[in-house]
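Me: I would like to go through this predicted model and ask, for each label attached to it, what the label rests on. Please set each value against the criterion behind it.

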Amino acid sequence: MPEIFQLRCRECGKSFENSPRSFCEECFSPLEVAYDYDSLKKTVRRENLAGRDFNMWRYAEMLPLNKDFVAPNSVGGTPLVPARKLAAHWGIENLYLKNDAVCFPSLSFKDRVVSTALVAARRFGFTTVGCSSTGNLANAVAAQAAQRGFDACVFIPADLEPAKILNTAVYGARIVRINGNYDHVNRLCAQIADKFAWGLVNVNLRPYYSEGSKTHGFEIAEQLGWRLPDNVVVPMAGGSLIGKIAKAFHELVILGWVEPKPVKFFGAQATGCSPISDGVKRNLARFEPQKPNTIARSLAIGNPADGPFAIKLIRESGGWAEDISDPEIVEAIKLLAQTEGIFTETAGGVTAGVAQKLIQQERIRPEETTVVSITGNGLKTTDAIVSEFPVTEAIAPRLDAFEAYLESQFAVATAAK
Ligand SMILES: Cc1ncc(COP(=O)(O)O)c(C=O)c1O
Ligand SMILES: [Zn+2]
């Protein structure tokens, strides 16, 4: 390998020089970044990390970055929260929440993928970057394009949550709303990437983009004290993140940084868009595409690019996939907030609700170490839960008014019993 990493076809294994492409020209399968692990093993030491800041760039050698790479900003480095109250509620012992709801700069794990994609965009000489997005990716592209001096043009389904659109617009990105669902948007973006010299992070830069997700997995292992968990529960849209967490764990084993250990991968979807969980549950060789209809719009990808790989990984790891209804998503968002003080978006509700279901099904055992990936922030999808919390009437700034208020609340509570 002339460089320590290059592109390789995930099916036929053909290698390609680093370039803005995402499909093998021989067999049309997706490409991924492959590393020369023998060289990495000689040069990278776990001890080297000690003096580095706790963010995703501490794993720089295991990412597709240029030799002269300088960390552009702080991304990742999110908390792994021991979730004792939620664990007790669910009747299990060792539960952790990987909280990318507070990932910088745009409050979802998509900041990680955009970070590595924009390094590739600069390397290949793009001045305009963009994406097809269910919301969070557009936020992350817009924020980091502004930070790093790119023009940004993002493509979204027209019906996205207003907060997701605002969280893109504020950074000065051009937003193109498409009358259609994510799969229509994505198809258009493939044509745009061919015609315009733009770096579309999840289209022609996809192999470099998806590598950023590995840092979610590296951090989990490091925060567990350089150990792998028994189970991870991961939300799935395109099905990329779950595979990259597996790749991260695998690389840590290759480098000898963690002891090898079987990890079960569990995938989470909303029932209203569940092609991958459906494929796992029905033991299909290939998933059947769906037309999404769910409040979990960030996960609403009916024809997931990495779906077949996600199904294979879940099956081979001994894990499982599940999906939950929209009302169950809302209940899970409330449960996470009211036990652990974490306000997650609908995708996090999906993951938490599915974790609960898997525990009830006894697929996740109480004594095992389980990590649940919370990947986005609740302030971006308030419309999904706003009707749960009607605004109460205001009272006068007087003690008697407060006492009257308490009495009326008591009367309401008693009447409700
Ligand atoms: C908050 C959130 N979590 C999870 C995902 C799923 O990621 P992937 O497409 O890699 O499966 C997305 C994708 O948009 C997302 O926005
Ligand atoms: Zn191929």
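Me: Which residues come nearest to ligand 1, and what makes a residue count as being around it?
Reply: A residue counts if one of its heavy atoms lies within 4 Å of the molecule. There are 16 residues around ligand 1, and Asn136, Gly238, Gly239, Leu241 and Thr375 come nearest.

Me: How many residues of the shell around ligand 1 are nonpolar, polar and charged?
Reply: The shell divides into seven nonpolar, seven polar and two charged residues; glycine is counted as polar here, so Gly238 and Gly239, which are among the nearest residues, belong to the polar group.

Me: Why are β8 and β9 called edge strands?
Reply: The open sheet of four strands has the order β8-β7-β6-β9, with parallel pairing. Both β8 (174–178) and β9 (199–200) have a single partner strand, so one side of each is left without a neighbour in the sheet.

Me: What makes β6 and β7 a pair?
Reply: Pairing asks for at least two bridges, and five bridges join β6 (residues 128–132) to β7 (residues 151–157), so these parallel strands meet the criterion. Within this pair, threonine 128 stands opposite aspartate 151 in β7. Helix α6 (residues 182–195) packs on the sheet, where it touches β6, β7, β8 and β9, and its direction makes about 145° with that of β7. Helix α5 (residues 162–169) lies across β7 and β8, and runs at about 150° to β8.

Me: Why do β4 and β12 count as edges of the other sheet?
Reply: Six strands form this open sheet, in the order β4-β5-β13-β10-β11-β12 and with mixed pairing. Since β4 (80–82) and β12 (321–324) each have a single partner strand, one side of each is left without a neighbour in the sheet. On average, and with direction ignored, neighbouring strands of this sheet are turned by 25° against each other.

Me: What makes β5 and β13 a pair?
Reply: Six bridges join β5 (residues 94–99) to β13 (residues 369–374), against a requirement of at least two, so the two parallel strands count as paired. The bridge partner of tyrosine 96 in β13 is valine 371.

Me: What makes proline 105 and leucine 107 worth a remark?
Reply: Most residues other than glycine have a negative phi, and most peptide bonds are trans. The peptide bond from phenylalanine 104 to proline 105 is cis, with omega near 5°, while leucine 107 has a positive phi, near 70°. Proline 105 lies in the loop between β5 and α3 (110–123), and leucine 107 also lies in the loop between β5 and α3.

Notes
Residues are numbered from 1 along each chain as its sequence is written. Chains are lettered from A and ligands numbered from 1 in the order in which they are written. This is a predicted model: local features need pLDDT of at least 70, side-chain atom pairs count only at pLDDT 80 or more; totals for chains, interfaces and linings use all residues. Side-chain values use heavy atoms; hydrogens and water are left out. Contact means heavy atoms within 4.5 Å. Axes are lines fitted to C-alpha atoms, for helices over the stretch in contact, and angles run from 0 to 180 degrees between N-to-C directions.
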